[in-house]
Amino acid sequence: MSNDATRRSRTHVSCTVNGDQVDFLADDGTSLLDALRDELDLTGAKEGCGTGDCGACTILVDGRINCSCLMFAPEAEGCEIVTVEGIAEGDHLHPLQQTFLEGAALQCGVCTPGFLVSAKALLDENPDPTETEIRYALAGNLCRCTGYDKIVRSVQEAAVQLRGASR
Amino acid sequence: MTVTENRPDYKWVGTRPIRHDGYDKVVGKARFAADRNSPGQLHGAFLRSPHGHARILSVDTSAAEAMSGVKAVVTGADFPDLPIGHPERDTAVNLMARDVAMYVGHVVAAVAASTRAEAEAAAAAIEVEYELLPVVLSLDESIADGAPLANADNRTAFSGSDDPSNLATVTPLERGDVDAAFEAADVVVEREFDTAWVHQGYIEPHACVVDVGADGKAEVWASSQGHFRVRSQAAAVLGWDTARIKVIPAEIGGGFGGKTTIYLEPVAARLSEKSGRPVKIVMTRDEVLRATGPAPASKSRIRIAATNDGELTAIDGWIGYAVGCTGDMAGFVGAMSVASYKFPNLKMEFVGALTNTPRSAAYRAPSAPQAAFAIESVIDEIAQALDTDPIELRLKNAVVEGDLTSMGGPHPRIGFVECLEAIRDSEHYQSPVPDGAARGIGTGFWFNIGEQSSATVNLNEDGTATVITGSPDIGGSRASMALMAAEELGLDVHRITPVVADTESVGFTDVTEGSRATFATGMAVVNACRDLVGELKARAATIRGVEVDAVAWVDGAAVVDGHDPLPLADITAKAKSTGGPLTVTASLNAGGAGPSFAVHCCDVSVDEETGRVEVLRYTTAQDAGTAIHPSYVEGQMQGGTAQGIGWALNEEYVYADDGTMLNASFLDYRVPVASDLPMIETIIVEVPNPAHPYGVRGVGETGIVPPMGTIANAVSRASGVRLTSLPMSPPKVLAALDDR
Amino acid sequence: MPRAHLMTPLRRFTDGEAVIEVEGATVGAMIAELDRRFPGIGEMLTKGASAAVDGLIHAEPEYLAVEPDADVYFVAPLAGG
């Protein structure tokens with residue numbers, strides 16, 4: 001058996017994650033998802049497929065949703081990254097997190113981080129979405145437990161609360 | 001909406017508190033299987049068979065072992081050869097082929113290396129010499145006369161024969177005089193049906209981290225439906241004492257039956273043992289679809305006789321399941337699922353047959369959905385032939401308490417009629433069918449199981465409590481356990497911490513299957529709490545200086561005539577002076593799991609140009625016995641329904657002739673997304689199960705049984721042509737429309 | 001005497017008889033007596049069946065007590081997802 005004699009090529013990446021400036025080294029072939037999970041120990045984003053089909057790894061990159069499994073880590077250079085760990089404000093849950101809890105919008109919970117990030121992106125953009133708009137905005141996130149009913153209702157409820165708060 | 005029969009007035013049971021593990025899951029703190037890393041860990045990867053059926057002549061790992069970063073390589077020779085008939089032989093053979101690879105994707109060798117990329121590269125460098133064997137891909141090929149064997153080790157279960165066979169099980173059921181009934185019938189409908197292989201589609205791929213120390217002890221971090229089963233299966237496959245293995249339950253990212261068995265842990269253990277390092281293995285989605293346990297494809301022929309006044313007098317038929325590469329109980333259990341209608345005359349045969357495809361695993365009410373699709377379709381056609389309401393026809397023939405199940409034995413108290421009435425009386429069913437759409441009705445049944453559970457309840461110094469069980473929380477069961485404990489102890493549910501403990505920290509608990517967690521583990525919690533209340537009364541008697549008989553437990557306090565109530569926290573504060581810590585453990589093998597019935601109603605439209613079916617409205621009514629946490633009961637109903645809609649309309653394994661799966665990704669194996677579905681309206685029916693202290697019936701599985709028949713009935717009514725093949729994907733629907 | 005009700009696949013041992021009167025204070029004792037009279041059926045009943053007594057289905061019911069006039073239904077083994 002060989003030793004790890006040959007060092008792999010690693011790139012220095014500098015970006016902000018959930019408001020904090022971070023620096024890390026990443027193999028060139030490493031996905032941003034793996035870097036977040038393995039280098040920064042932010043394991044909220046999950047890998048459900050690795051091919052951008054399930055949305056469990058959804059994060060915000062400069063305010064837009066992305067499947068972090070489809071981005072190479074070095075592509076995050078200079079970006080503002082937000083993960084599920086960053087959507088609460090201090091010790092106050094984001095209204096989406098609260099309505100997901102109250103509305104039982106999670107069962108196993110493994111898709112939940114991706115849904116919360118996608119739903120936040122939707123409500124940031126469109127504070128009063130129709131049910132159809134919510135369903136299409138979340139169509140890139142797979143949930144196998146809930147049938148989406150309670151997720152959609154929780155997003156609707158969070159939208160109401162957010163509109164109330166901003167009035 | 002809830003329809004309730006004679007329910008006592010509970011304070012906590014039936015309320016909807018925020019689940020105790022919810023916070024961690026919305027902030028990203030919850031640790032699932034792949035979320036753990038151990039210092040110094042290696043990464044595992046597999047070499048999988050590219051052939052559907054092949055003898056393994058040689059495996060040369062020398063090149064792989066010499067590669068960068070590689071620390072250990074294992075093959076089938078690294079595991080004991082369990083004899084034919086050993087209960088875990090199929091598990092062992094499936095997670096690492098020994099002499100024969102039995103499907104494309106069957107593991108032949110595994111590598112642990114410093115990085116996953118190195119492990120994958122080394123696995124690809126392992127050289128295997130194969131001798132190709134005939135591939136048996138379909139049910140028809142498997143049961144054909146003179147068919148080659150899909151697995152030469154298989155024997156037909158309970159046949160008494162020691163000859164190799166492709167048949168896993170053959171189960172005939174018979175009662176009454178079917179021939180005479182068909183002769184006397186006014187209406188006879190006969191149809192043939194087929195359904196495709198489908199996958200549970202849990203979003204979390206299988207993963208584990210295993211650390212075997214130099215002392216031979218293994219710590220296993222794994223996602224499963226039952227960590228005690230992980231332990232017993234791993235011990236059997238490795239040939240180890242169970243005491244060497246500690247399994248710590250990670251949060252589980254969906255299972256639906258698919259995580260009731262193991263694929264990774266013994267391999268990671270051997271790699272860890274050989275390398276002296278912790279080993280992490282995480283499946284890719286491709287591996288999950290290709291090589292874990294999907295649900296059997298099926299074919300069936302169903303003939304039902306009826307009289308003009310709507311009595312279903314006889315059923316006659318055959319249902320076959322393609323079960324994959326090892327023996328399976330689908331054919332046996334499927335037989336039990338024909339239990340919804342009285343059918344005085346019945347003659348059925350159920351067959352499970354082996355194929356060179358992945359070993360099938362349980363998927364929510366395993367084998368019942370395929371049977372219900374066929375039977376509910378034929379019953380709908382009889383309703384059409386008799387020009388009668390499909391619910392009234394079912395009400396006329398629905399089983400009630402005392403009616404015989406198909407496998408023998410009378411039904412206990414059940415709520416099928418109540419579910420039919422709930423749908424009949426629903427706003428949905430009473431509303432007009434939308435223009436251009438049609439409405440379908442279907443039903444389903446699952447009997448549920450009890451099995452063994454343990455629970456420990458600890459009262460803390462300040463009167464709070466910890467409820468410790470060994471049932472992984474798949475969809476809110478921690479909250480259910482806490483609610484039952486709250487009701488028993490008279491304690492606020494938020495002052496109770498429900499915990500899922502590892503295999504060394506709680507008594508043995510069977511795997512979470514058969515919708516048993518809230519039923520059986522809940523019963524263990526209730527029993528422990530009742531013993532604890534007895535102890536609390538004894539302590540209160542000591543404090544008050546009275547006989548224990550003089551103490552009553554009322555709403556969380558000990559009540560003695562002539563004294564102020566003594567709250568629980570006042571007793572726990574004096575635990576030290578009254579006999580020590582207040583802790584009770586209860587264990588049981590629960591009998592009397594109550595069957596749960598469901599009735600579904602949906603409206604669909606069919607696009608005549610594209611063949612696309614759109615589900616416009618969907619309502620489900622299901623008997624939960626008693627809904628401990630109604631939100632999570634609704635969630636089970638909705639989730640099962642959504643999976644059933646996928647099974648009905650989109651999902652299928654597509655195989656090439658050589659047994660290669662052609663659509664092993666979530667892009668091509670298309671599960672329903674949010675924009676495919678409407679809201680799924682729920683009606684919880686509560687006909688309490690007399691065998692449970694709170695009347696609980698298992699609710700997890702039944703929801704997936706009715707949707708295929710329900711949707712097929714709606715599509716058939718919308719299109720005027722009977723759809724008999726799943727999935728009802730656009731090409732198939734278009735072909736059916738063309739054949740009108 | 002308790003009655004054992006046999007699902008169809010078991011009846012090949014009993015020459016087609018569906019209901020057998022059989023002595024036994026427990027399900028296990030009934031199985032032993034059935035196996036004595038119908039050799040081979042015991043293994044199927046032990047490994048391959050559950051028993052429904054008084055409407056409740058029990059897995060591994062060997063020591064389950066049986067009333068003298070009970071109906072014991074031997075049914076397929078239980079499983080689930």
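1. Helices here are DSSP runs of H or I with at least four residues, strands are E runs of at least two, and both are numbered from the N terminus. Just after helix 2 of chain A, A:Ala104 takes a positive phi of about 55 degrees.

2. This is a predicted model; local features need pLDDT of at least 70, side-chain atom pairs count only at pLDDT 80 or more, and totals for chains, interfaces and linings use all residues. Residues are numbered from 1 along each chain as its sequence is written, while chains are lettered from A and ligands numbered from 1 in the order in which they are written.

3. Chains A and B first. The contact (C-beta atoms, placed from the backbone, within 7 Å) takes 49 residues from chain A and 52 residues from chain B. On the chain A side, helix 2 gives the most, with 4 residues. That side divides into 23 nonpolar (Ala, Val, Leu, Ile, Met, Phe, Trp, Tyr, Cys and Pro), 11 charged (Asp, Glu, Lys and Arg) and 15 polar residues (the others, Gly among them).

4. Helix 2 of chain A is largely enclosed by the rest of the structure, because 6 of its 8 residues are buried. Buried means 20 or more other C-beta atoms, placed from the backbone, within 10 Å of the residue's own. The buried residues include A:Leu96, A:Phe100 and A:Leu101. They pack against helix 3 and helix 5 of chain A, and also against helix 1 (22–26) of chain B.

5. Now chains B and C. Here 37 residues of chain B and 21 residues of chain C take part in the contact. Strand 8 (167–175) and helix 10 (330–336) of chain B each supply at least two residues to the chain B side.

Terms used. Contact = placed C-beta atoms within 7 Å. Buried ≥ 20, exposed ≤ 12 C-beta atoms within 10 Å, placed from the backbone.
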